[in-house]
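I open my notebook on a new structure today. I want to write down what I look up, one entry at a time.

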Amino acid sequence: MKVIKIDKNSWTKGIDKSREAYKLFGPVKDKTIVIFKELEQGMFPEMEYTDSVLSAKSVIFPQTEKILGGSLDESIEDHHILKRPDTNYSPRAVLGIRPYDAKAIQLVKLNFDTEDYRDPYWCDAYEATTFIGLAINEPSAFDFSTLTDTGPFGEEGLDILLVDCKEEYLAKVLTDKGETFLKASGFEESANTKPSLKTIKALQSKAEKAITSKIDSSKIKDKTILELYEAPFWDDLAFSCINCGTCTYVCPTCWCFDIQDETRGKTCSRFRNWDTCMDPLFTMHGSGHNPRGEKTQRVRQRFMHKLKYFLDKYDKGIMCVGCGRCVKHCPVNIDIREVCNTMNSYEKQE
Ligand code: SF4
Ligand code: SF4
């Protein structure tokens with residue numbers, strides 16, 4: 001394991017150097033919140049943040065993305081033929097992504113990059129990206145990532161893990177992509193590996209101990225889908241939901257989308273937009289029939305997908321990385337930790 005030492009005084013210089021080879025994205029303050037966006041010239045990632053409202057999901061899976069375009073102008077030879085736009089997939093790097101958000105991208109990958117189908121937009125963006133993580137020294141009260149196979153110092157899905165050690169960052173180099181980024185940034189001073197890893201381990205252990213939430217999904221796999229689907233608790237759990245969709249938009253593992261076609265003058269475009277299973281229109285059929293027309297059905301779908309269907313289908317744990325965003329931002333305090341524990345402990349009465 002190679003560890004690089006980055007003096008914080010040389011941080012901005014290195015980031016600027018990396019711009020010669022990479023388009024950069026990172027967390028930035030937007031009034032009172034932190035979101036991920038492209039770091040234009042002169043912008044640097046916010047490295048002191050606790051948690052961001054939106055994750056870096058949009059770097060690979062934009063909120064709105066033009067996926068096809070064409071012309072209705074019949075004087076053009078290929079009129080009425082929709083083609084993929086010429087999107088720039090040159091190397092990009094996401095700085096300061098939290099470990100649970102990097103793991104979330106690995107879970108989303110299971111859907112977009114399969115043996116049967118590779119989503120070209122998602123896969124091209126993913127392959128162009130280097131993920132530079134920032135370990136969480138002080139987890140928020142909403143963080144339960146240690147209970148979802150991730151943790152504040154998790155490495156899955158990262159090319160580099162940066163650890164803030166006050167005067168300097170220690171950078172664990174996890175992949176060749178990570179090594180290439182560090183070279184391009186001029187960050188090449190090797191740290192003394194053994195003591196550095198000891199320092200990182202001590203910070204990791206402190207951060208992990210600070211997470212006190214309790215969530216248990218260990219028994220969900222043994223229950224049948226029907227048993228949980230027909231359980232009597234869904235009406236109570238869904239009662240206060242106002243279908244705002246916040247939980248799904250802030251979630252780094254939610255991948256639902258809608259396709260919209262637009263025509264302006266003689267230009268036609270097909271867009272892919274984030275959508276939410278919490279909205280009744282999401283499943284509305286052209287016939288007017290809606291298989292999930294009731295709120296309880298939609299709330300049940302969200303939790304069954306995250307905590308049961310995904311678990312059964314992929315055998316990679318639940319579709320949640322414990323970031324706590326949906327808990328923090330739900331206006332009526334619906335809490336996935338409580339729902340998970342309720343599902344886990346449910347025993348059908350014969
Ligand atoms: S379900 Fe909630 S806690 Fe889990 S990853 Fe999504 S937003 Fe985070
Ligand atoms: S954030 Fe809360 S109220 Fe809004 S859709 Fe999700 S569960 Fe319902």
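Predicted model: local features only at pLDDT ≥ 70, side-chain atom pairs only at ≥ 80, totals over all residues.

**Entry 1: a glycine after a helix**

I start just past α5, where G186 has a positive phi of about 80 degrees.

**Entry 2: helix α5**

Which residues of α5 are buried? I list G178, F181, L182 and S185, from a helix that covers residues 176-185.

Next I ask what the buried residues of α5 pack against. I find one helix segment, α1 (11-18), in the list. I also find the strands β1 (2-7), β5 (92-97), β6 (129-134), β7 (160-165) and β8 (168-173) there.

**Entry 3: α1 against α5**

I look at this helix pair on its own. The axes of α1 and α5 come within 7 Å. They cross at roughly 110 degrees. An angle of 65 to 115 degrees counts as roughly perpendicular, and α1 and α5 are therefore roughly perpendicular to each other.

Which residues meet here? From α1 I write down G14, I15, K17 and S18. From α5 I write down F181, A184 and S185. I had already noted F181 and S185 among the buried residues of α5.

**Entry 4: the core**

I turn to the largest nonpolar core, which has 76 residues. Those with the most contacts inside it are I4, V94, I132, I160, L161, L162 and A171. Helix α3 (residues 99-112) gives the most to this core, namely six residues. I also check the domains: domain 1 and domain 2 each supply at least three residues to this core.

Leaving aside neighbours within four places in sequence, what does L161 touch? I find G133, A135, F153, E155, K172 and L174.

**Entry 5: F153**

F153 was in the list for L161, and I follow it up. F153 is in the loop between β6 and β7. Is F153 buried or exposed? I count 12 or fewer neighbours as exposed and 20 or more as buried. F153 has 22 C-beta neighbours inside 10 Å, so it counts as buried.

Apart from neighbours within four places in sequence, F153 is in contact with P99, A135, L161, Q204 and A207. I also look up a pair: F153 and S205 are 52 residues apart along the chain, and their C-alpha atoms are separated by 9.1 Å.

**Entry 6: two domains**

I go back to the domain assignment, which gives domain 1 (2-56 + 88-209) and domain 2 (220-345). Their C-alpha centres lie 27 Å apart. How many residues does each domain bring to the contact? Domain 1 brings 20 residues and domain 2 brings 18 residues.

**Entry 7: T193**

T193 is in helix α6 (residues 193-209). T193 has 13 C-beta neighbours inside 10 Å, so it counts as partly exposed.

**Entry 8: helix α12**

F239 lies in the loop between α8 (234-238) and α9 (246-250). F239 has 12 C-beta neighbours inside 10 Å and so counts as exposed. F239 and I334 are 95 residues apart in sequence, but 9.6 Å apart in space, C-alpha to C-alpha.

N243 is also in the loop between α8 and α9. Its phi is near 60 degrees, a positive value in a residue other than glycine. With 13 C-beta neighbours inside 10 Å, N243 counts as partly exposed.

I end with N333, in the loop between α11 and α12. Phi of N333 is near 65 degrees, again positive in a residue other than glycine. N333 has 9 C-beta neighbours inside 10 Å, so it counts as exposed.

Notes. Residues numbered from 1 in each chain as written. Chains lettered and ligands numbered in written order. Core = buried A, V, L, I, M, F, W, Y, C linked by C-beta atoms within 7 Å. Helix = DSSP H or I, 4+ residues; strand = E, 2+ residues; numbered from the N terminus. Domains from an automatic or database assignment. Contact = placed C-beta atoms within 7 Å. Axes fitted to C-alpha atoms, helices over the stretch in contact; angles between N-to-C directions. Parallel < 35°, antiparallel > 145°, perpendicular 65-115°, else oblique.
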